[in-house]
Amino acid sequence: MTVDRTAVITGANSGLGFECARALLDTNPSWHIVLAVRDPHRGAEAVDRLGSAARCTVLPLDLASLTSVRDFPTRLAERELPPLRALVCNAGLQVVSGLERTPAGVELTFGVNHLGHFALVDGLLDQLAPPARVVIVSSGTHDPAKFSGMPKPQYTSAEELAHPAGGASSAADGRRRYTTSKLCNVLYAYELDRRLDRGRRGVTVNAFDPGLMPGSGLARDYSTAQRFLWRHLFPALRVLPGVRSTRASGRHLAALAADPRFDDVTGRYFSGRRPIRSSADSYDTDRARDLWETSERLLTLAI
């Protein structure tokens, strides 16, 4: 089969993004995968592990740097790859060791998990070749109605999320910034879908909850003891509902990006491959509009 379509996956060198890339490569030989990663060396190592070097391209992308994000569409176009049919916004981080900011002065969790992806999608819309899909990875932690052990999201305004007042920050503050950024992911997915006429322009947009994935890289800013538990003890919890391996979640994410059964599905929130209701706040169109308009303004200020 001819390689005739391209998927861009952010954070594809490890964890969920890597498993999504693996699933796309293994299930459909027509896909070429672009691993959009902060560290190209680690990206090259990931390509070696995937074992399909001829169908993989590594391109640098630092979502914390709007300069890097702005450069990415040009770098992609220069490679003259097959048409871009899928964009998987997967990369994310959770900072619990203090308040950090991007080079543009935006709080780091919001800057990477939301604003960097907002800028990336904006830059790649013209290259998406219909029928195409955008899948945005969120988290069940965005929904305060579900017990996750994480602080409830607190969306006041996008401006306050981007530029929080004060300098002191606890680990709980960091975890709340993470859950709030995951709410932003869903708000943004729904607003993007509305602005793309709910699939009528040939681009579908969905949000995805991969479930709790013990052993994933989200705990890298945790203490040594917490990282040990996350990597070695918590995987035993996979027998519980909502707890999945990165490989299983990667297959689900790949299906949302490529499986024909989702050809016309848009504006939905998925737990695995199952569409479910997201949080009540995620359907707030006023917040979604505030998030979109503030994000556009932040990109303009960073030029």
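Mentor: Start with Pro131, which sits in strand E5, residues 128–137 (helices, H or I of at least four residues, and strands, E of at least two, are DSSP runs numbered from the N terminus). The peptide bond linking Pro130 to Pro131 is cis, with omega at about -5°. Bear in mind that this is a predicted model, where local features need pLDDT of at least 70 and side-chain atom pairs count only at pLDDT 80 or more, while totals for chains, interfaces and linings use all residues. Numbering runs from 1 along each chain as its sequence is written, and side-chain values use heavy atoms, leaving out hydrogens and water.

Now hop over to helix H6 (residues 171–195), which packs against helix H9 (residues 285–302) at about 90°, their axes 9 Å apart. That angle makes H6 roughly perpendicular to H9 (the term covers 65 to 115 degrees). On the H6 side, the contact (heavy atoms within 4.5 Å) uses Cys184, Leu187, Tyr188, Glu191, Leu192, Arg194 and Arg195. H9 brings Thr285, Arg287, Ala288, Arg289, Leu291 and Trp292 to that contact.

Asp197 isn't a glycine, yet its phi is positive, about 60°. Arg198, in that loop between H6 and E6 too, also has a positive phi without being a glycine, this time about 50°.

Note on methods: Axes are lines fitted to C-alpha atoms, for helices over the stretch in contact, and angles run from 0 to 180 degrees between N-to-C directions. Angles under 35 degrees count as roughly parallel, over 145 as roughly antiparallel, 65 to 115 as roughly perpendicular and the rest as oblique.
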